[in-house]
Every structure is written in C-alpha cells, then in structure tokens.
Amino acid sequence: MATLRTVPSGATQGAQVPRVGMATLRTVPSGATQGAQVPRVCVWGRWRGRGAGEGAPAAHAWPSFHNGAAAGLALVPLSGLTIDSEWVLYNKPRGTTEMSTEHAGFLMGLGLNGHLRDMPFMNIYEYLVKCNEMISVGLLLGLAATYRGTMDVQATKMMSIHLEPLLPPTSIELDIQQNILVAALLGVGLIYQGTAHTHYSQLLLLEIGKPPGPEMENCVEREGYALAAGLALGLVCAGAARARSAQAAPLAHKLRTYMLGGDKHPLTGSQKEKYKQGSFAIREGATVNLDVTSPGATLALGLIYMRSGSAALAAWLQPPRTAYHLDFVRPDLLMLRIIARGLVLWDSIEPTEEWVESQVPETIKPYCFVKPTEDNIDYEAMNQAYCNIIAGACFALGLRFAGSGCEEARDVALRYARVLLAVGAKSVAELAGRSTLEACMCVCLLAAGMVMAGRGDLDVLRVCRRLRARTPAHAPHPHAPALTHGGQMAVHCTIGLLFLGGGRATLSTTPTAVAALLAAFFPKFPTHSEDNRYHLQAFRHLYVLAVEARLILPRDLSTEKLCYAHIQVIDLQGVVKEMKAPCIIPELNTLKEVKINDPRYWPITFQKDRNWDQLKLFLEYSWCIDIKQRAGCLSYLDDPQGFLTILAQTLTLDKANIWSTSADNIELFTNDDKIRNFVKQYLVKDVNTNICADCLVESKKKKGFKEVVLNRQCLCRKYTKEEREHLQTLGMVTYECVVKDILCALPVWTTFLKIIKTMKPDPSSYNIWQIKLLLSQIDNHNKRVMNEMKIDGQETQNEPLISSEFTLAIKQKVSNIFDSWESRLTPYLRKYLGLPSSRKISTCDDDVKKILAGFLVYHDLPKGGLKNAVGDDELSVLLNLDSLSVEAQSAVWQLYR
C-alpha cells in the first residue's frame, strides 16, 4: 500500500491517505508479538519553477497524522476483541517529531476501533502532559470514540480538563491550542452520544454561540469550534424529537436563532462576568454572527429532529422562495439547510431526479446556467444557490441510502455530478464560480460513494478516475482546471468508500451513524493540507463509527475455498428477500433472521433472539461463514445451471433406489478419496479381470506367482449367496450414508452389520444388547414423528440417521436368525418359562446356552413366566403375556401351541 501513500505534489499532500484508511479498514491482523508498521508518506514532488524537492516541513503534520490514523484503523487483533494496551505502549515512538505526529494519528485510529479501553488513565496522562497538539487531538478523539455512549466519568474528566465551561470558576486558565479545544468539545458529544443529557446539551448549545474574547481569546478559527459544538449537540440528542424527549423543544428555538439570526441570548453564570469585557479584535454587535453559528446550529437541528417528519421544522429549513430573501443567506448555508431538511423528512426522500429538483424553489430555476438577459437579477446568487441546493439534496440522498447499494440513488447523484462537471467546461460556469461548481460536484460524488460503499461500483469509479487525473501538470484545458486540495480529498474519500474495509464493510444509517457521517464528510473541504478553520481534519476519520461489516462470504468447509450460495434475509416486518452470496446484506438492526437457504448446501440460520451475536462475530472477525456442501451436489463454479446434479437429486429423493444401488451410483455422490477407496476395496469385486490384493497374497505361496502377475488376472472364487447379501447390505448402508451426508455413521453401521454376520455362528448377549438399543432408538423416533403436528411446507426437523425401511430389514434378518434357532431352543425355552419339558438347561451344550441367552435377552422373557398357566386355558396364558412385547408374545405363544 506504499504506492497509495505517495503524494506527487504539494497540492495534494494528505489527500490520498484517507483512501488508504478506508480501503484497508480492519484488514491487517495484528499479533501480540508483532510491532506496528506505519509506512512513511513520500512528500517529494515537482513544482513549477522550483524543480523537484520536498515540501515545506510545516505542511507535513496533518498528512503524517492521517498516515498514522490509516495504519491504526487497518489493525484487527488476532485473538480477542481488542488490542492489549501493553502492545500500544510498547509501540510508543521514541524519536523525531514526525514520528510522534504519526503516532497521534495511530492512537486515534486505535481508539476509533475501540482498542483504547484497556489503557490505564495514568498512561493517558503521560501522553497529555507533553502538551503536544497532535498527540492530544488524536488521543482525545480516540478515547472519546472508545467510550462513546457510555457517559464514563474518567473519560469525561479527560475532556473537561481542556474545556473551560466544564471546569470550576476558580480553576487556573490553561493556554490550550484551538485544535485541542475543538477535539475535546466533540469528544464530549461522543461520550454522551444518544443520551440526551440535559446538562451537556445546554452546555454545548451555549458553546455554539460562544462570543469572542475576552481580549484576544477565542478570535481565531471560531467557525470550527462552533461547528464542533453543533455536531456534538447533534450526537448527544440524535433522534431526540422522534423519541419525544423533553429536551428537543427548548433547544429548537435557540438553535433557530443561531441558524436564521436574531438577538444574542443573554449570558448566564460564569460567562456573564468573563465576557463582560468584549474582544479587542472582533466587534459583532448585539446580533448573532450567522457565519459562525449557522453551520453547527443547522446540523444540530437536523440531527435532533431526524426522522421526526416535523412540518414546522421542515419549514424553518426551507430555502428562500424570493430573490430578495435569497440575498440574506450565504449560498453554502443553503446546502446545509437542505441536508438538515432531508434528515427531518427522512422517510419522504426518494431516489429520483424529481425529488431533487423539488428542493429548488421555482423562482430560481429559470435563471440557472442561462445567458444573463435581465439587469435586475443577480445571476451569480441564483446559480450558486441552485448548485448548493442540488448538492445538498444529493448529500441527503446519499445519507438516506448510505450502504444500501440503491442503483437509483447512485444514478441520481452521478447524474448531477456529471452535469456540474460538464457545466464547468463551459463559459456559463462563471455565473456560479468554478470553486462552487467543484465543491458541489465533489459533494454529489461523495453522495454516490456513500450509497455504493463497499461495493466497488464501476460507474462511480470512472468519474473518480476522470477527476483524479485533473492535476496541475495534466489539466485538460483552461475551462477544466486542476482540482484543488479539497477536491482531491473528496475524490479519494469516494474511492475509499467504494472499497471500504476491502469490500467487506459498508455504512449504517442509524441516527448516531448519520451524525458521524456528517462530521466526517462535512461539505466544506480544506484549501490546503493545514487548513482547520471551518472543520478539524481529524474529524474526517469519524466515518469509522458508521461502518458496519455486512458482507456474507460463504466458504466451503471441505475445500476451504470461497463459493456461491443463496441466502434468505427476513426483516422485522416479515418481508423475505432472496439474495446470492457473496453479497452485502441489509442493515442488521432491520433484520430478524439470516439463513443460508441453498439446495446445494446444508442450511444455517441466524436469528435475532438466539445466535445474532455469532453472526456479528463472523462478519467482524472471521470474515467467512463456513458451509457444508450436500452430497451429490456440485458448487456453482463447477455446475452453474445445476444440470449435473439432476441425477443425484433424483436418486436421493427416490427411496426405492437404495435396494438396487451399485458402486457406480455411490461414486457419483462424492469426491472423497476415503469413500472411493472404501468402495473399491469392499464393494467392487472384479472377477477374472484385474488382479486383487487377495490373489497377490495367495500367489506368493505358490510357484506360479510370476505368471499370475504377468497375466493380471484375478483367480478369486465367486461370492456365495450369504456373501452377496452381506455385500448388498453394506452397499445399501454406504449409499445411505453418502446420500444423506452422514459419513460419520458409516463405521457404526458397519459394526452392526458385522454383529449380524457373526450372530449366527457365534451368538453373544453383548451383541444382542447393541441390536436392541438400535431398534429401540428407531422405535422412539417413529413415535415422536407420529405425535408431532405436521405443517404444510415445513421441513421435517427430526430425521433418522438411516431410513426406517433399512432398519426394518435389519430387524427382519434378526428375526430370521432366531426362527432358525427355534427348533433347538423349544425344549429349553419351555423349561425356562415353567412349562412341562423333558430337557434341563444345565445339560445343554455351550452353544445352545449362548443361543438361549441371546433369545431371552432379545425378547425380555421372564423366568417362569408361564408357570401359573393352567392347562390349556388360553385366557390365562394371554394374561401372563400381557407385559411382554408383541414379538415376545408371538414367540411364547408359538411355544405354548
């Protein structure tokens, strides 16, 4: 990945690194004994008039930070769920300032993946006490991401140290850099994410309108601070209005003032005394400075009322309908209003061009990209408003369908990106300004990338390649100038989204995830590599908080190769959707069941109330789901249409084939060498053809061994009737085990066949007990099946290892063997049961005793069971046999008759 980190010129330093972090997200296994590998960023390039060389050292800080963040985001633990804190401390750099800057990004990357939870707070203090700006920014954001939504006290204290509003009034004033303040402010929002905490909501609301001062304080990069406060407020109260929280209404009116303008709210508490003496550098007056407060307030309002469908809030966020009112709104703020309006009217967003065009007021459309003909119309304002409204609508569309792969939404976003790209090459582009066109085009492209995240869509990639080629050295013509640093960053972020997590992950659309996406892809791009005025660059990595691994990747358990398989997903409303894996499934919070439902593979079911966590572990860490291929079926690579498996399916479903099976049929079902060798050695007898092992062994003892080997002829005798029956039975068992894919039962059944074969010449009570256990298990299974209620279309849950027909055949063989012994056992059985007999059991042979013991065990005959039978009274005999089985009653009744 070193080539992706190479920066060719000073105009694009750090722009390509986010793409690396996205594409390699959680793809590099990290062992406890392996050191951290952070590839270096190449900052050598060629400048016009300066030749080749290295950029200014001051411009390397944030590219190095992003490089370290990409390295930290790529790591995934080999064992366990988190990386041990000792490993993090062991990889703590001890070198130059550049290495510490990369380590700052590395810490943030680990924190975004939740790997800083085990780090002791004493070690965190050792990092912060150095007062390194980059280290503090990365560690505070990583720590807040690790403890997001937990309201952890220790993590809150770490943020409070850097924020004056959270400190006591008598605390010592600390000289803290502006970027650290911004990072700590958003960190508070992450820690209290989704809690709607009253105190922190009010505090963050006041920080949006924080005035400049006192004296020279809070006078630089106030826009980024207010935006961070608004995003943090949106994180804390995300979706609060939909949940009917009491915090939403009081916040809305104050946020409306920060968004649309009005008189400043009176200061309270410690702020009243502190800001009594205003700033010496900035005089704002008594009204709100919309350039500072509007972006954060607009996004906070949209996040608080997300999915609420409030018509009143939507009216607040509606763009001006007249040219007069349009002059009072900055064009780029219109984009944010449309985005916030889309969040409020979430369910009404449609992936159509009609919906996008409906966001543009009718008073603007006639003056868009046409030759100016009226003197009283501000064409520049009209065209800039149109571009920003269209871009905002596409961005809202991208958030609504983020990670869904909706082709209609992608086509709409790409269509407007191409329109803006084409307009940029015409003279009418000056009506809106090329910088506006570039920014809006990049926003539309980002929206398409969010929709197709993790899918590597070629249509989006083609547009990205076309824009990426517009560098200063290869600009096509003056009407299509090179992309700025911010444009290149947006293009590379789109490429990274397309290959998010190596194609294994995509984006979620939960309220907190949407807030994270807004913070990461805020549509105000930096002008150079060190630009943090409007948006802190470290926030660009917060997209990780919206990433969700949803790629179903089947893998054949036998071959350990990836394969295709059909799956079935059922959402919370019970709607069933059929898909073919590998594929990205819908969001997990909208599903209640995921099932591998393919006729060629054994089913696997994940249910939300049973084993849902196991599915998440497979998606996050295992990356593959192992599935077992059914016997007689081929993979979709070997048999795409399934024609080769028709014969196998026919033989599997037809129960009559088991009685006429052959070795060739068995070999059709499996490629397992063990089964093939078993069939070759035990089920195939090539008489008078190829020489077998038995003949080779016998021929060694004879003089004609060489002649036999040269002739390659088998001299085996033909099988007897009993051997043929045993061979047929063994073939039936093998066929049944192979067809039903229960090869583990084959040794068990061969043992039973051996028992039956040796039962007649050498009976044993132990073998009889084994047969009884087998028959009782089958009987119990049949009783359960009879008692179960059958539902149409539902598969049978309990299926025996071997068919009932084959079990009955075994039972009949055992009965035939006992019938052949009956003439020898009749006198002794009569004596044992208490009937008149001239024979004594003690005088019989040992073989007869074994046979008698087996007979008695098999039928459970009690000693002297007919002793109380009176003469030829059949009724008394039947009463004595009432407790015996049907087979035992039949045998005893024959003896009595």
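Reader: What percentage of the 897 residues in the chain do buried residues make up?

Author: Buried means under 20% relative accessible area, exposed over 50%, and partly exposed in between, with a 1.4 Å probe and protein chains only. In this chain of 897 residues, 52% are buried. One caution on the source: this is a predicted model, where local features need pLDDT of at least 70, side-chain atom pairs count only at pLDDT 80 or more, and totals for chains, interfaces and linings use all residues. Residues are numbered from 1 along each chain as its sequence is written, and side-chain values use heavy atoms, with hydrogens and water left out.

Reader: What pLDDT does the chain average?

Author: pLDDT is the predictor's confidence in each residue, from 0 to 100. The chain averages 83, and 81% of the residues score at least 70. Over residues 1-12, pLDDT stays under 50. For that stretch the model has 29 contacts (heavy atoms within 4.5 Å) beyond four places in sequence.

Reader: How many helices and strands are there in the chain?

Author: Both are DSSP runs, numbered from the N terminus: helices are H or I, at least four residues, and strands are E, at least two. The chain has 36 helices and 14 strands. Take contacts between residues at least 6 apart in sequence: 72% of them join residues at least 24 apart.

Reader: Which order do the strands take in the open sheet of four?

Author: Strands of a sheet pair through backbone hydrogen bonds, either parallel or antiparallel. Here, two strands pair if DSSP finds at least two bridges between them. The order is β10-β9-β12-β13, and the pairing is antiparallel. β10 (576-581) and β13 (604-607) are the edge strands; each has a single partner strand, so one side of each lacks a neighbour in the sheet. Neighbouring strands of this sheet are turned by 20° against each other on average, direction ignored.

Reader: How many bridges join β12 and β13?

Author: Four, in the antiparallel sense, with β12 covering residues 591-596.

Reader: How many disulfides does a search of the whole structure find?

Author: A disulfide is a covalent bond between the sulfur atoms of two cysteines. The cut-off is a pair of cysteine sulfur atoms within 2.5 Å. The search of the whole structure finds zero.

Technical notes:
Axes are lines fitted to C-alpha atoms, for helices over the stretch in contact, and angles run from 0 to 180 degrees between N-to-C directions.
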